[in-house]
Amino acid sequence: MKPIVMAGGTGSRLWPKSRAAFPKQFLTLTSTQSMLQDTLARLKGIEHEAPVFVCNDAHRFIVAEQLLQAGIRHDGILLEPVGRNTAPAIALAALHATQNGEDPILLVLAADHLIENIEAFHTAIHHAESLAKQDKLVTFGIVPTCAHTGYGYIRQGDAIKDSQGFNVAEFVEKPDLSTAEKYISSGAYLWNSGMFMFKASRYLQELEKHAPDILTICRQAIASESQDLDFVRVDSDIFSGCPSDSIDYAVMEKTSDAAVIPLNAGWSDVGSWSSLWEVQPKDANGNVVRGDAILENVHNSYVNAEQRLIALVGIDDVVVVETKDAILVAHKDKVQDIKKVVDTLKTQQRPEFEFHREVFRPWGSYDSLDQGSRFQVKRICVKPGEKLSVQMHHHRAEHWIVVAGTAQVTCDDETFLLTENESTYIPIGAVHSLENPGKIPLELIEVQSGSYVGEDDIVRFSDRYGRTKQS
């Protein structure tokens, strides 16, 4: 069995924690690990091959870093040049997994789900595996706990002999409340989890039967796959022409071999702040609190403080989320409308749509502490052994002050070391680079000054991470 972990998506309904450049699957929302890391951790105890990950190009270094932090060995991080939904993404993974003549059973998982009962999850996997070996295309149906209108549903058909599964009678779209209530009272419906299991060859066969144009383009795109550090790249020009379709529409709703395994394991797709409130431990007043907060006469609320103290007095049923650069206050019943805020930020081209104040790069991170019309102050952290690109700026000079660790600085033809409490000056137009040659993180304060301090004022001469026009 080979896990295929889908790590794309933006998670816009969890703004301001989730941003386009750092979406919810990389956040620590329910444990001390990210949701991506938890997805792999819950497979411990299940015999499986090294997993394959599918993500977009912009998130590749975050995925690689989080796998490294968790000590997770993988069999490739497949990069989608553009998003084309789940059917093509899984096709790329299946083609990648079968390119050496193997035919593993694929366990397709989302990187941003919560599952509380690991034992029940493992049991469901074993039941699904027995059906996958019989050439079934298996989905996991969540035993519903309420008449939820935010999920699609699966209607169970006849029980499959000598198994714990059922044939799929029907996939149905997200219902209105009265329809959802009828589904629940009938006892025949399950929530559609978006998790699957099948032989790689069976998925490709069904895709060829029901969506041959997707399979043809994916085969052409992956035929010239190339290795780039930890990443597997496919032909972007070819893949961009692939139709966008979900696995449900392209295959599962059309195949005659769809089966469903009921799963009752405390599952949530954490699709909103209110759903996160529902699955988290609460205090005596029904509140979920993460971070530094004081609550007085507050009930049934979710509070998440990243950096500052939050004080709430005399209100109920609210969501308050604070980050370094934004604060969200919403009624718990209206959190689905947060997406409208994100759409506005995107339309206005505000940086809060895409980035946090602290931005993560393959070499480390930078945090924008202050900014004016002709200056910007950053705290830069460079991981041991890592190096920023060799670059220059047309419009700004930079002052660097080392506050921890050791920096190796190249400025034009001179290379030298800086240690704590030492500083240097990088003039406008100077070709320069910054490297951490030490064993501990390098931290420095950078003061940029000039007529323009935007991130796109970079001419890059060389970069060990293969990036183009990004810092």
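A nonpolar core here is a set of buried Ala, Val, Leu, Ile, Met, Phe, Trp, Tyr and Cys residues joined through side-chain atoms within 4.5 Å, where buried means under 20% relative accessible area, exposed over 50% and partly exposed in between, with a 1.4 Å probe and protein chains only.

Before going on, some housekeeping. This is a predicted model, in which local features need pLDDT of at least 70 and side-chain atom pairs count only at pLDDT 80 or more, while totals for chains, interfaces and linings use all residues. Residues are numbered from 1 along each chain as its sequence is written, and side-chain values use heavy atoms, leaving out hydrogens and water.

Now zoom in on V63. Leaving aside residues up to four places away in sequence, V63 touches A7, F26, L36, F53, C55 and I77, with contact meaning heavy atoms within 4.5 Å.

Next, look at strand β12, residues 258–263, where 5 of the 6 residues are buried. Helices (H or I, at least four residues) and strands (E, at least two) are DSSP runs numbered from the N terminus, and two strands pair if DSSP finds at least two bridges between them. Strand β6 (residues 137–142) runs parallel to β12, joined by 6 bridges, with T139 partnering V260. Strand β8 (residues 166–172) pairs with β12 in the antiparallel sense over 2 bridges, and there F166 has V260 as its bridge partner.

Elsewhere there's an open sheet of 4 strands, in the order β14-β16-β18-β19 with mixed pairing. β14 (288–290) and β19 (327–331) stand at the edges with a single partner strand each, so one side of each has no neighbour in the sheet. The parallel pair β14 and β16 (residues 302–305) is joined by 3 bridges, and R290 stands opposite N304 in β16.

Finally, the annotations. UniProt, in an unreviewed entry, lists "domain: Nucleotidyl transferase" for residues 2–284; that stretch is 34% helix and 24% strand, with its end C-alpha atoms 43 Å apart. UniProt also gives "domain: Mannose-6-phosphate isomerase type II C-terminal" (unreviewed entry) for residues 349–463, a stretch with 0% helix, 55% strand and end C-alpha atoms 28 Å apart. UniProt positions follow the numbering used here, feature names are shortened, and annotations may be inferred rather than shown by experiment.
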